[in-house]
Amino acid sequence: MTTTPLGFIDFDSLLDDEERMLRDAVADFGTRELAPHIGDWFENATLPAKELAPKLGDLGVLGMHLEGYGCAGTSAVAYGLACMEIEAIDSGLRSFVSVQGSLAMFAIHHWGSEEQKENYLPKMAAGEYIGCFGLTEPDAGSDPANMRTRAVRDGDEWILNGTKMWITNSPIADVAVVWAKTDDRGDGKPGYAGFILDKGDAGFTAPEIHRKLSLRASVTGEIVLDDCRLPDSRRLPGVSSLRGPLTCLNEARYGIIWGALGAARNALETAIEYTSTRQVFDRPLSSFQLTQAKLADMTVELDKSVLLALQIGRLKDAGKLSPHQVSVGKLNSTRVALEITRECRTLLGASGITLEYSPLRHANNLESVLTYEGTAEMHQLIIGKELTGEQAFR
Ligand code: TGC
Ligand code: FAD
(Lines give C-alpha, C1' and ligand atoms only; values in the text may rest on other atoms or scores of the structure.)
(Ligands and ions follow the chains in the order given, each with its own letter.)
Protein backbone atom coordinates (compact mmCIF):
# COMPACT_ATOMS: atom_id res chain seq x y z
CA MET A 1 0.00 0.00 0.00
CA THR A 2 1.63 3.26 -1.04
CA THR A 3 -1.14 5.60 0.15
CA THR A 4 -3.63 4.45 2.78
CA PRO A 5 -7.36 4.95 2.05
CA LEU A 6 -7.61 7.87 4.50
CA GLY A 7 -4.24 9.21 3.34
CA PHE A 8 -5.89 10.42 0.13
CA ILE A 9 -7.65 13.17 2.06
CA ASP A 10 -4.76 13.68 4.50
CA PHE A 11 -7.30 12.92 7.21
CA ASP A 12 -4.77 13.31 10.05
CA SER A 13 -4.24 16.96 9.12
CA LEU A 14 -7.88 17.60 10.11
CA LEU A 15 -7.26 16.39 13.69
CA ASP A 16 -5.49 18.14 16.55
CA ASP A 17 -2.59 16.61 18.50
CA GLU A 18 -4.78 15.36 21.34
CA GLU A 19 -7.22 13.69 18.97
CA ARG A 20 -4.40 11.93 17.12
CA MET A 21 -2.79 10.85 20.39
CA LEU A 22 -6.01 9.40 21.81
CA ARG A 23 -6.80 7.69 18.51
CA ASP A 24 -3.33 6.11 18.38
CA ALA A 25 -3.57 4.91 22.00
CA VAL A 26 -6.87 3.14 21.28
CA ALA A 27 -5.51 1.67 18.04
CA ASP A 28 -2.47 0.37 19.91
CA PHE A 29 -4.68 -1.19 22.61
CA GLY A 30 -6.76 -2.84 19.88
CA THR A 31 -3.72 -4.32 18.19
CA ARG A 32 -2.31 -5.71 21.45
CA GLU A 33 -5.37 -6.75 23.47
CA LEU A 34 -8.22 -7.33 21.03
CA ALA A 35 -7.06 -8.25 17.51
CA PRO A 36 -5.25 -11.48 18.49
CA HIS A 37 -8.43 -12.92 20.07
CA ILE A 38 -11.32 -11.58 18.03
CA GLY A 39 -11.55 -14.52 15.62
CA ASP A 40 -11.92 -16.96 18.53
CA TRP A 41 -14.42 -14.77 20.39
CA PHE A 42 -16.54 -14.45 17.25
CA GLU A 43 -16.32 -18.16 16.44
CA ASN A 44 -17.17 -19.23 20.00
CA ALA A 45 -19.77 -16.47 20.49
CA THR A 46 -18.11 -15.34 23.71
CA LEU A 47 -16.72 -12.12 25.07
CA PRO A 48 -14.58 -12.05 28.23
CA ALA A 49 -16.38 -8.87 29.24
CA LYS A 50 -15.50 -8.99 32.95
CA GLU A 51 -11.77 -9.06 32.08
CA LEU A 52 -12.02 -6.54 29.26
CA ALA A 53 -14.12 -3.93 31.06
CA PRO A 54 -11.42 -2.81 33.57
CA LYS A 55 -8.86 -2.63 30.75
CA LEU A 56 -11.21 -0.45 28.69
CA GLY A 57 -11.78 1.60 31.83
CA ASP A 58 -8.01 2.12 32.25
CA LEU A 59 -7.82 3.15 28.60
CA GLY A 60 -10.44 5.80 29.40
CA VAL A 61 -13.01 4.90 26.71
CA LEU A 62 -15.99 4.09 28.98
CA GLY A 63 -18.14 7.23 29.13
CA MET A 64 -15.18 8.88 27.42
CA HIS A 65 -16.93 12.10 26.34
CA LEU A 66 -18.83 12.62 29.62
CA GLU A 67 -17.65 15.18 32.18
CA GLY A 68 -16.82 14.36 35.81
CA TYR A 69 -17.58 11.22 37.86
CA GLY A 70 -14.37 9.51 36.73
CA CYS A 71 -15.08 10.04 33.01
CA ALA A 72 -12.37 11.28 30.64
CA GLY A 73 -14.34 14.29 29.34
CA THR A 74 -12.83 14.24 25.84
CA SER A 75 -14.23 15.92 22.74
CA ALA A 76 -16.92 14.18 20.70
CA VAL A 77 -14.45 13.84 17.81
CA ALA A 78 -11.95 12.04 20.06
CA TYR A 79 -14.72 9.71 21.20
CA GLY A 80 -15.69 9.07 17.57
CA LEU A 81 -12.11 8.23 16.67
CA ALA A 82 -11.98 5.76 19.58
CA CYS A 83 -15.17 4.10 18.27
CA MET A 84 -13.58 3.90 14.83
CA GLU A 85 -10.47 2.12 16.12
CA ILE A 86 -12.45 -0.29 18.30
CA GLU A 87 -14.89 -1.20 15.51
CA ALA A 88 -11.92 -1.65 13.15
CA ILE A 89 -11.39 -4.76 15.30
CA ASP A 90 -15.08 -5.75 15.66
CA SER A 91 -18.51 -4.13 15.91
CA GLY A 92 -19.31 -6.25 18.98
CA LEU A 93 -16.48 -4.59 20.91
CA ARG A 94 -17.62 -1.09 19.89
CA SER A 95 -21.13 -2.07 20.90
CA PHE A 96 -19.83 -2.94 24.36
CA VAL A 97 -18.26 0.51 24.65
CA SER A 98 -21.33 2.28 23.16
CA VAL A 99 -23.84 0.59 25.41
CA GLN A 100 -21.75 1.23 28.50
CA GLY A 101 -20.85 4.87 27.80
CA SER A 102 -23.36 6.32 25.37
CA LEU A 103 -26.47 4.52 26.60
CA ALA A 104 -26.30 3.31 30.23
CA MET A 105 -23.84 5.89 31.58
CA PHE A 106 -25.20 8.75 29.47
CA ALA A 107 -28.75 8.02 30.69
CA ILE A 108 -27.62 8.35 34.30
CA HIS A 109 -25.32 11.30 33.57
CA HIS A 110 -28.01 13.26 31.68
CA TRP A 111 -31.20 12.26 33.45
CA GLY A 112 -30.08 10.97 36.87
CA SER A 113 -29.99 12.54 40.34
CA GLU A 114 -26.70 13.61 41.89
CA GLU A 115 -26.83 10.57 44.18
CA GLN A 116 -27.40 8.20 41.25
CA LYS A 117 -24.49 9.75 39.34
CA GLU A 118 -22.13 9.38 42.28
CA ASN A 119 -23.28 5.83 43.01
CA TYR A 120 -22.94 4.42 39.52
CA LEU A 121 -20.82 6.49 37.13
CA PRO A 122 -17.31 6.18 38.66
CA LYS A 123 -17.65 2.39 38.88
CA MET A 124 -18.98 2.21 35.31
CA ALA A 125 -16.20 4.47 33.99
CA ALA A 126 -13.65 2.17 35.61
CA GLY A 127 -15.26 -0.94 34.14
CA GLU A 128 -16.01 -2.27 37.61
CA TYR A 129 -19.74 -2.30 36.78
CA ILE A 130 -21.08 -3.35 33.37
CA GLY A 131 -24.22 -1.57 32.20
CA CYS A 132 -27.02 -2.28 29.74
CA PHE A 133 -29.92 -0.28 28.29
CA GLY A 134 -33.34 -1.86 27.85
CA LEU A 135 -35.69 -0.09 25.44
CA THR A 136 -36.60 -2.61 22.70
CA GLU A 137 -39.31 -5.18 23.33
CA PRO A 138 -40.44 -8.30 21.43
CA ASP A 139 -43.36 -6.29 19.93
CA ALA A 140 -41.87 -2.78 19.97
CA GLY A 141 -38.52 -2.19 18.26
CA SER A 142 -38.72 0.67 15.76
CA ASP A 143 -41.74 2.00 17.62
CA PRO A 144 -40.71 2.24 21.28
CA ALA A 145 -43.76 4.42 22.04
CA ASN A 146 -45.71 1.18 21.75
CA MET A 147 -43.82 -0.54 24.58
CA ARG A 148 -45.78 -2.81 26.91
CA THR A 149 -43.52 -2.66 29.94
CA ARG A 150 -45.43 -0.86 32.69
CA ALA A 151 -44.31 0.90 35.85
CA VAL A 152 -47.08 1.40 38.39
CA ARG A 153 -46.56 3.62 41.42
CA ASP A 154 -47.28 2.17 44.87
CA GLY A 155 -46.54 4.79 47.52
CA ASP A 156 -42.79 5.43 47.51
CA GLU A 157 -42.19 2.43 45.30
CA TRP A 158 -42.76 1.33 41.70
CA ILE A 159 -43.78 -2.11 40.43
CA LEU A 160 -42.37 -3.02 37.02
CA ASN A 161 -43.68 -5.72 34.67
CA GLY A 162 -42.65 -6.49 31.09
CA THR A 163 -40.03 -7.99 28.80
CA LYS A 164 -37.18 -6.30 26.92
CA MET A 165 -35.55 -8.05 23.95
CA TRP A 166 -32.20 -7.91 22.11
CA ILE A 167 -30.47 -6.13 24.96
CA THR A 168 -26.68 -5.92 24.60
CA ASN A 169 -24.87 -6.99 27.79
CA SER A 170 -28.06 -7.73 29.78
CA PRO A 171 -27.00 -11.24 30.93
CA ILE A 172 -23.69 -9.92 32.28
CA ALA A 173 -24.82 -6.49 33.47
CA ASP A 174 -24.42 -5.22 37.01
CA VAL A 175 -26.62 -2.23 36.21
CA ALA A 176 -29.58 -2.03 33.80
CA VAL A 177 -31.25 1.20 32.68
CA VAL A 178 -34.80 0.13 31.78
CA TRP A 179 -37.60 2.18 30.20
CA ALA A 180 -41.28 1.74 31.02
CA LYS A 181 -44.65 3.33 30.34
CA THR A 182 -46.33 5.03 33.29
CA ASP A 183 -49.74 6.64 33.74
CA ASP A 184 -50.84 9.59 31.65
CA ARG A 185 -48.27 12.34 32.24
CA GLY A 186 -51.02 14.94 32.73
CA ASP A 187 -51.54 16.29 29.18
CA GLY A 188 -53.38 13.30 27.75
CA LYS A 189 -50.15 11.71 26.44
CA PRO A 190 -48.68 8.52 27.97
CA GLY A 191 -45.81 9.05 30.38
CA TYR A 192 -42.49 7.19 30.24
CA ALA A 193 -39.94 6.63 32.98
CA GLY A 194 -36.43 5.22 33.25
CA PHE A 195 -35.24 3.06 36.15
CA ILE A 196 -31.85 1.85 37.34
CA LEU A 197 -31.93 -1.84 38.20
CA ASP A 198 -29.18 -3.63 40.08
CA LYS A 199 -28.21 -7.21 39.35
CA GLY A 200 -29.99 -9.36 41.94
CA ASP A 201 -33.05 -7.13 42.32
CA ALA A 202 -36.03 -9.40 43.04
CA GLY A 203 -38.19 -9.91 39.95
CA PHE A 204 -35.38 -9.02 37.49
CA THR A 205 -33.77 -11.70 35.30
CA ALA A 206 -31.79 -11.49 32.04
CA PRO A 207 -31.65 -14.72 30.00
CA GLU A 208 -29.14 -14.86 27.15
CA ILE A 209 -30.12 -15.05 23.46
CA HIS A 210 -28.10 -17.68 21.58
CA ARG A 211 -27.46 -18.77 17.96
CA LYS A 212 -26.77 -15.27 16.56
CA LEU A 213 -25.21 -15.06 13.08
CA SER A 214 -24.09 -11.47 13.67
CA LEU A 215 -22.38 -9.61 16.51
CA ARG A 216 -21.20 -12.91 17.93
CA ALA A 217 -18.45 -11.27 20.02
CA SER A 218 -21.15 -9.50 22.04
CA VAL A 219 -23.49 -10.81 24.71
CA THR A 220 -27.19 -10.24 23.94
CA GLY A 221 -30.17 -11.07 26.12
CA GLU A 222 -33.63 -10.29 27.39
CA ILE A 223 -34.70 -8.40 30.48
CA VAL A 224 -37.67 -9.98 32.23
CA LEU A 225 -39.47 -7.95 34.90
CA ASP A 226 -41.93 -9.88 37.02
CA ASP A 227 -43.41 -7.66 39.75
CA CYS A 228 -40.00 -6.04 40.18
CA ARG A 229 -40.42 -3.57 43.06
CA LEU A 230 -38.07 -0.55 43.20
CA PRO A 231 -37.86 2.52 45.44
CA ASP A 232 -38.52 5.88 43.76
CA SER A 233 -34.83 6.70 44.29
CA ARG A 234 -34.06 4.30 41.41
CA ARG A 235 -36.17 6.28 38.94
CA LEU A 236 -34.34 8.76 36.71
CA PRO A 237 -35.95 11.99 37.94
CA GLY A 238 -35.40 13.99 34.75
CA VAL A 239 -37.58 11.82 32.48
CA SER A 240 -41.31 12.05 31.81
CA SER A 241 -41.56 11.34 28.07
CA LEU A 242 -39.95 9.31 25.30
CA ARG A 243 -37.47 12.16 25.00
CA GLY A 244 -35.63 10.40 27.86
CA PRO A 245 -34.47 7.29 25.96
CA LEU A 246 -34.38 8.99 22.53
CA THR A 247 -31.84 11.54 23.83
CA CYS A 248 -29.57 8.62 24.76
CA LEU A 249 -30.00 7.07 21.29
CA ASN A 250 -28.58 10.23 19.69
CA GLU A 251 -25.35 9.57 21.60
CA ALA A 252 -24.99 5.92 20.63
CA ARG A 253 -25.93 6.65 17.01
CA TYR A 254 -23.17 9.25 16.94
CA GLY A 255 -20.57 6.64 17.95
CA ILE A 256 -21.83 4.27 15.25
CA ILE A 257 -21.29 6.93 12.56
CA TRP A 258 -17.56 6.61 13.24
CA GLY A 259 -17.46 3.00 14.32
CA ALA A 260 -18.96 1.48 11.18
CA LEU A 261 -16.33 3.29 9.10
CA GLY A 262 -13.62 1.65 11.21
CA ALA A 263 -14.94 -1.77 10.15
CA ALA A 264 -15.01 -0.61 6.51
CA ARG A 265 -11.46 0.78 6.70
CA ASN A 266 -10.14 -2.44 8.17
CA ALA A 267 -11.86 -4.54 5.48
CA LEU A 268 -10.49 -2.28 2.73
CA GLU A 269 -6.94 -2.42 4.10
CA THR A 270 -7.26 -6.21 4.30
CA ALA A 271 -8.41 -6.37 0.67
CA ILE A 272 -5.59 -4.11 -0.55
CA GLU A 273 -3.02 -6.27 1.24
CA TYR A 274 -4.55 -9.54 0.03
CA THR A 275 -4.86 -8.53 -3.62
CA SER A 276 -1.23 -7.40 -3.71
CA THR A 277 0.01 -10.90 -2.83
CA ARG A 278 -2.64 -13.12 -4.42
CA GLN A 279 -1.52 -14.33 -7.88
CA VAL A 280 -4.22 -14.92 -10.52
CA PHE A 281 -3.55 -15.55 -14.21
CA ASP A 282 0.18 -15.19 -13.41
CA ARG A 283 -0.10 -11.66 -12.00
CA PRO A 284 -0.98 -10.07 -8.67
CA LEU A 285 -4.76 -9.63 -8.36
CA SER A 286 -4.13 -5.96 -7.59
CA SER A 287 -2.68 -5.40 -11.07
CA PHE A 288 -6.03 -5.97 -12.84
CA GLN A 289 -8.17 -2.97 -13.76
CA LEU A 290 -11.36 -4.47 -12.33
CA THR A 291 -9.67 -4.88 -8.96
CA GLN A 292 -8.34 -1.35 -8.98
CA ALA A 293 -11.76 0.03 -9.92
CA LYS A 294 -13.26 -1.72 -6.88
CA LEU A 295 -10.51 -0.49 -4.55
CA ALA A 296 -10.75 3.07 -5.91
CA ASP A 297 -14.54 3.25 -5.60
CA MET A 298 -14.43 1.93 -2.02
CA THR A 299 -11.73 4.45 -1.08
CA VAL A 300 -13.83 7.31 -2.48
CA GLU A 301 -16.92 6.18 -0.53
CA LEU A 302 -14.92 5.70 2.68
CA ASP A 303 -13.20 9.08 2.41
CA LYS A 304 -16.46 10.97 1.76
CA SER A 305 -18.05 9.19 4.71
CA VAL A 306 -15.20 9.97 7.10
CA LEU A 307 -15.41 13.67 6.14
CA LEU A 308 -19.15 13.59 6.90
CA ALA A 309 -18.45 11.90 10.25
CA LEU A 310 -15.89 14.57 11.10
CA GLN A 311 -18.29 17.41 10.23
CA ILE A 312 -20.97 15.80 12.43
CA GLY A 313 -18.41 15.46 15.23
CA ARG A 314 -17.36 19.10 14.92
CA LEU A 315 -21.04 20.15 15.06
CA LYS A 316 -21.48 18.03 18.19
CA ASP A 317 -18.45 19.60 19.85
CA ALA A 318 -19.86 23.04 18.99
CA GLY A 319 -23.19 22.08 20.64
CA LYS A 320 -24.98 22.50 17.30
CA LEU A 321 -25.83 18.92 16.35
CA SER A 322 -29.49 17.99 15.72
CA PRO A 323 -30.94 14.45 15.80
CA HIS A 324 -31.77 14.49 12.06
CA GLN A 325 -28.10 15.28 11.31
CA VAL A 326 -27.13 12.24 13.36
CA SER A 327 -29.53 10.22 11.19
CA VAL A 328 -27.73 11.36 8.02
CA GLY A 329 -24.47 10.03 9.42
CA LYS A 330 -25.86 6.80 10.87
CA LEU A 331 -27.68 5.94 7.64
CA ASN A 332 -24.68 6.75 5.46
CA SER A 333 -21.97 5.06 7.52
CA THR A 334 -23.83 1.81 8.04
CA ARG A 335 -24.89 1.51 4.40
CA VAL A 336 -21.46 2.41 3.02
CA ALA A 337 -19.66 0.13 5.47
CA LEU A 338 -21.90 -2.82 4.64
CA GLU A 339 -21.31 -2.32 0.90
CA ILE A 340 -17.54 -1.94 1.33
CA THR A 341 -17.14 -5.00 3.56
CA ARG A 342 -19.17 -7.17 1.16
CA GLU A 343 -17.18 -5.93 -1.85
CA CYS A 344 -13.91 -6.60 0.00
CA ARG A 345 -15.09 -10.15 0.63
CA THR A 346 -15.46 -10.71 -3.13
CA LEU A 347 -11.81 -9.72 -3.62
CA LEU A 348 -10.72 -12.42 -1.19
CA GLY A 349 -12.52 -15.20 -3.08
CA ALA A 350 -13.02 -18.36 -1.03
CA SER A 351 -10.48 -17.20 1.55
CA GLY A 352 -12.94 -14.42 2.30
CA ILE A 353 -15.46 -16.79 3.82
CA THR A 354 -13.14 -17.86 6.65
CA LEU A 355 -12.36 -16.21 9.97
CA GLU A 356 -8.74 -15.79 8.82
CA TYR A 357 -9.82 -12.52 7.22
CA SER A 358 -12.01 -9.76 8.63
CA PRO A 359 -14.34 -8.56 5.79
CA LEU A 360 -17.14 -11.14 6.09
CA ARG A 361 -17.03 -11.02 9.91
CA HIS A 362 -17.43 -7.25 9.66
CA ALA A 363 -20.23 -7.58 7.06
CA ASN A 364 -22.10 -10.04 9.29
CA ASN A 365 -21.77 -7.65 12.23
CA LEU A 366 -22.87 -4.68 10.16
CA GLU A 367 -26.22 -6.38 9.49
CA SER A 368 -26.90 -5.74 13.19
CA VAL A 369 -25.42 -2.26 13.09
CA LEU A 370 -27.70 -1.38 10.16
CA THR A 371 -30.68 -2.55 12.25
CA TYR A 372 -29.97 -1.41 15.79
CA GLU A 373 -30.02 2.18 16.99
CA GLY A 374 -32.77 2.82 14.45
CA THR A 375 -33.02 0.79 11.23
CA ALA A 376 -31.96 2.35 7.93
CA GLU A 377 -35.66 2.86 7.18
CA MET A 378 -36.23 4.73 10.47
CA HIS A 379 -33.37 7.09 9.63
CA GLN A 380 -34.76 7.65 6.11
CA LEU A 381 -38.08 8.56 7.75
CA ILE A 382 -36.42 10.90 10.27
CA ILE A 383 -34.60 12.68 7.40
CA GLY A 384 -37.80 12.66 5.31
CA LYS A 385 -39.75 14.27 8.14
CA GLU A 386 -37.15 17.04 8.45
CA LEU A 387 -37.20 17.66 4.69
CA THR A 388 -40.96 17.69 4.21
CA GLY A 389 -42.45 18.49 7.60
CA GLU A 390 -44.59 15.32 7.27
CA GLN A 391 -44.11 12.39 9.62
CA ALA A 392 -44.52 9.07 7.80
CA PHE A 393 -43.80 6.70 10.71
CA ARG A 394 -47.42 5.92 11.43
P1 TGC B 1 -42.04 11.50 18.68
O2 TGC B 1 -43.53 11.61 18.95
O3 TGC B 1 -41.47 12.13 17.47
O4 TGC B 1 -41.25 12.02 19.97
C5 TGC B 1 -41.54 11.58 21.28
C6 TGC B 1 -40.75 12.48 22.23
O7 TGC B 1 -39.33 12.30 22.03
C8 TGC B 1 -38.73 13.51 21.52
N9 TGC B 1 -37.76 13.08 20.49
C10 TGC B 1 -36.43 13.12 20.68
N11 TGC B 1 -35.71 13.59 21.70
C12 TGC B 1 -34.37 13.49 21.60
N13 TGC B 1 -33.76 12.93 20.54
C14 TGC B 1 -34.45 12.45 19.48
N15 TGC B 1 -33.81 11.89 18.46
C16 TGC B 1 -35.86 12.53 19.53
N17 TGC B 1 -36.86 12.13 18.69
C18 TGC B 1 -38.02 12.50 19.30
C19 TGC B 1 -39.88 14.33 21.00
O20 TGC B 1 -39.57 15.71 21.02
C21 TGC B 1 -40.98 13.96 21.97
O22 TGC B 1 -40.73 14.62 23.21
P23 TGC B 1 -41.94 15.14 24.15
O24 TGC B 1 -41.29 15.39 25.47
O25 TGC B 1 -42.46 16.35 23.47
O26 TGC B 1 -42.97 14.03 24.21
O27 TGC B 1 -41.68 9.96 18.70
P28 TGC B 1 -42.27 8.75 17.86
O29 TGC B 1 -42.97 7.82 18.79
O30 TGC B 1 -43.04 9.27 16.67
O31 TGC B 1 -40.94 8.02 17.40
C32 TGC B 1 -40.08 8.59 16.49
C33 TGC B 1 -39.01 7.55 16.03
C34 TGC B 1 -39.64 6.48 15.16
C35 TGC B 1 -38.00 8.32 15.23
C36 TGC B 1 -38.35 6.90 17.26
O37 TGC B 1 -39.23 6.12 17.95
C38 TGC B 1 -37.13 6.06 16.89
O39 TGC B 1 -36.04 6.61 16.80
N40 TGC B 1 -37.27 4.71 16.71
C41 TGC B 1 -36.14 3.81 16.56
C42 TGC B 1 -35.90 3.07 17.87
C43 TGC B 1 -34.45 2.78 18.13
O44 TGC B 1 -33.56 3.36 17.54
N45 TGC B 1 -34.16 1.91 19.09
C46 TGC B 1 -32.83 1.66 19.51
C47 TGC B 1 -32.79 0.86 20.80
S48 TGC B 1 -31.22 0.86 21.62
C49 TGC B 1 -30.21 -0.06 20.65
O50 TGC B 1 -30.54 -0.45 19.58
C51 TGC B 1 -28.83 -0.32 21.17
S52 TGC B 1 -27.89 -1.23 20.06
C53 TGC B 1 -26.38 -1.42 20.83
C54 TGC B 1 -25.39 -0.39 20.41
O55 TGC B 1 -25.69 0.83 20.38
O56 TGC B 1 -24.25 -0.73 20.11
P1 FAD C 1 -38.99 -3.94 13.58
O2 FAD C 1 -39.28 -2.65 14.25
O3 FAD C 1 -39.99 -5.03 13.70
O4 FAD C 1 -38.71 -3.67 12.03
C5 FAD C 1 -38.72 -4.71 11.05
C6 FAD C 1 -38.56 -4.05 9.68
O7 FAD C 1 -39.68 -3.19 9.46
C8 FAD C 1 -37.33 -3.16 9.56
O9 FAD C 1 -36.80 -3.25 8.26
C10 FAD C 1 -37.88 -1.76 9.80
O11 FAD C 1 -37.09 -0.74 9.23
C12 FAD C 1 -39.24 -1.89 9.11
N13 FAD C 1 -40.19 -0.89 9.60
C14 FAD C 1 -40.63 -0.70 10.87
N15 FAD C 1 -41.48 0.34 10.91
C16 FAD C 1 -41.57 0.83 9.65
C17 FAD C 1 -42.27 1.93 9.05
N18 FAD C 1 -43.01 2.75 9.77
N19 FAD C 1 -42.11 2.11 7.72
C20 FAD C 1 -41.33 1.31 6.98
N21 FAD C 1 -40.62 0.27 7.49
C22 FAD C 1 -40.75 0.05 8.81
N23 FAD C 1 -32.24 -2.59 21.78
C24 FAD C 1 -32.10 -2.02 23.02
O25 FAD C 1 -33.03 -1.41 23.55
N26 FAD C 1 -30.92 -2.14 23.71
C27 FAD C 1 -29.86 -2.82 23.22
O28 FAD C 1 -28.80 -2.90 23.86
C29 FAD C 1 -29.99 -3.44 21.92
N30 FAD C 1 -28.97 -4.18 21.42
C31 FAD C 1 -29.15 -4.85 20.24
C32 FAD C 1 -28.16 -5.73 19.78
C33 FAD C 1 -28.34 -6.44 18.61
C34 FAD C 1 -27.30 -7.41 18.14
C35 FAD C 1 -29.52 -6.25 17.82
C36 FAD C 1 -29.71 -6.97 16.52
C37 FAD C 1 -30.50 -5.40 18.27
C38 FAD C 1 -30.34 -4.70 19.49
N39 FAD C 1 -31.36 -3.89 20.00
C40 FAD C 1 -31.22 -3.29 21.23
C41 FAD C 1 -32.65 -3.82 19.31
C42 FAD C 1 -32.69 -2.88 18.11
O43 FAD C 1 -32.70 -1.54 18.50
C44 FAD C 1 -33.94 -3.24 17.29
O45 FAD C 1 -33.72 -4.50 16.71
C46 FAD C 1 -34.26 -2.18 16.24
O47 FAD C 1 -34.66 -0.97 16.83
C48 FAD C 1 -35.36 -2.66 15.27
O49 FAD C 1 -36.46 -3.20 15.95
P50 FAD C 1 -37.04 -4.65 15.54
O51 FAD C 1 -35.92 -5.60 15.51
O52 FAD C 1 -38.18 -4.94 16.45
O53 FAD C 1 -37.56 -4.49 14.06
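**Notebook: the surroundings of ligand 2**

I began with Thr168: one of its polar side-chain atoms lies 2.8 Å from a nitrogen atom of ligand 2 (a polar contact here is a pair of N or O atoms within 3.5 Å). The model is predicted, so I note that local features need pLDDT of at least 70 and side-chain atom pairs pLDDT 80 or more, while totals for chains, interfaces and linings use all residues. Residues are numbered from 1 along each chain, chains are lettered from A and ligands numbered from 1 as written, and side-chain values use heavy atoms, without hydrogens or water.

A polar backbone atom of Phe133 is 2.9 Å from a nitrogen atom of ligand 2. For Phe393, a backbone N or O atom lies 3.0 Å from a nitrogen atom of the ligand. Ligand 2 alone exposes 980 Å², of which the protein buries 67% (Shrake-Rupley method, 1.4 Å probe).

Next I listed the shell. It holds 18 residues, and Thr136, Ser142, Trp166, Thr375 and Glu377 come nearest (a residue counts if a heavy atom lies within 4 Å). By class I found 9 nonpolar, 7 polar and 2 charged residues, with Gly counted as polar.

Which elements each supply at least two residues of this shell? They are β3 (157-168), α10 (359-371) and α11 (376-388), taken from DSSP runs (helices H or I, at least four residues; strands E, at least two). Domain 2 (131-241) and domain 3 (244-388) each give at least three residues; the bounds come from an automatic or database assignment.

Conventions: Polar contact = N/O pair within 3.5 Å; in protein donor to acceptor, adjacent residues only side chain to side chain.
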